[in-house]
Amino acid sequence: MPRRLLATAAICIGCAATAANASGGGPGAGVQQGWDGLANGAVRYVAVPAAGSTALEVIRRQDGRVLKFMALKGTWGIPVVAFDGTADGLMGDGRTLLLGEPTTGPALRKHSTFALVDVKSMRMVRKLRLPGHQVFDALSPDGRYLYFIEYVSAEDFNRYRVRAYDLHAGRLLARAVIDKRESETAMQGAPISRVTSQDRTWAYTLYGGPDKTFIHALDTMHAGAVCIDLPWKSQPKRLFEFRIRRAGDGRLVVRGPRGRTLAVVDRNNLQVVSAVRDP
């Protein structure tokens with residue numbers, strides 16, 4: 001496992017992908033306890049391990065004071081959706097936070113459990129128990145859809161597919177979320193970096209592997225996806241230091257470890273505008 005990945009994985013519980021066997025899009029990066037948690041305006045939410053339980057704390061960012069906290073039985077964490085440490089899980093209402101369980105051991109779980117917590121009243125409002133081995137990936141800003149990465153192979157723990165959960169109907173959608181131009185529903189690899197559109201209706205994730213590097217554009221409002229292949233034939237060096245960012249002119253920019261622009265994508269048509277030959 002590359003040194004950079006080891007350093008990043010240390011902040012989360014149950015990190016599951018490695019650069020050595022990454023290929024295409026990939027599984028979620030796990031859940032986080034401690035560290036920076038998830039920022040929201042003047043506060044941040046941090047999950048802290050305790051004896052047989054987890055403390056969820058609301059911390060004022062200005063001075064680090066704990067404003068509120070609650071205890072949840074078991075081990076829970078803030079979802080981390082890419083190996084750059086991007087945390088997510090707060091719904092558009094600004095008060096409902098999703099927590100996930102860690103991925104542990106080489107075996108796949110038969111069921112996965114998630115907790116929805118009201119961070120204003122500090123109480124658990126709902127638990128989701130989903131079939132299969134799932135980790136959180138994204139959500140729609142209206143709070144209807146939650147997206148999960150479902151592991152599909154105990155032999156190859158990086159094989160996955162994207163699933164959508166309809167909170168209104170209380171069920172997983174039957175079909176996996178795929179690019180309609182693709183025939184395969186199962187993919188393989190690791191998420192490197194994540195950025196969302198300003199209104200959070202799109203989640204853009206840079207994925208990488210030995211065969212190709214691409215951006216997965218997830219339409220969070222309509223459970224759709226577009227895969228944008230970047231024109232690099234092999235995994236670039238220092239890939240885990242690449243970052244995807246949203247530019248102010250309607251573009252996505254992939255930058256290298258020193259800020260060098262490596263690729264530019266038009267967000268309107270989801271096409272590559274330019275890319276360096278050797279990143």
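Here is a short tour of this predicted model, from the whole chain down to a few side chains.

## Ground rules

Residues are counted from 1 along each chain as its sequence is written. As this is a predicted model, local features need pLDDT of at least 70 and side-chain atom pairs count only at pLDDT 80 or more, while totals for chains, interfaces and linings use all residues; side-chain values use heavy atoms, leaving out hydrogens and water.

## The whole chain

Let's start with the fold: the chain has one helix and 23 strands. Both are DSSP runs numbered from the N terminus, with helices being H or I of at least four residues and strands being E of at least two.

Of the 279 residues in the chain, 55% are buried. Buried means under 20% relative accessible area, exposed means over 50%, and partly exposed is in between, using a 1.4 Å probe and protein chains only.

What about contacts, meaning heavy atoms within 4.5 Å? Taking those in the chain between residues at least 6 apart in sequence, 46% join residues at least 24 apart.

## Rings that meet

The structure holds seven aromatic pairs. To pair, rings of Phe, Tyr or Trp (its six-membered ring) need centres within 6.5 Å; planes under 30 degrees apart are stacked, over 60 edge-to-face, and the rest tilted. One of the pairs is F136 with F148: the ring centres are 6.2 Å apart and the planes sit at 80°, so this one is edge-to-face. F136 belongs to strand β11 (residues 133-139) and F148 to strand β12, so the pair ties together parts that are 12 residues apart in sequence. Both partners are tucked away: F136 is buried at 4% relative accessibility, and F148 is buried at 0%.

Then there are Y145 and Y147, whose ring centres lie 6.3 Å apart with planes at 45°, so that pair is tilted. Y145 and Y147 are both buried too.

## A charge over a ring

The charged end of K212 sits over the ring of F214, 5.2 Å from its centre. For that label, NZ of Lys or CZ of Arg must be within 6 Å of the ring centre and within 35 degrees of the ring normal.

## A buried loop residue

Where is N158 found? Look in the loop between β12 (145-151) and β13 (159-166). N158 is buried, with a relative accessible area of 3%. The C-alpha atoms of N158 and A190 are separated by 7.6 Å, though these residues are 32 apart along the chain.

Terms used:
Contact = heavy atoms within 4.5 Å.
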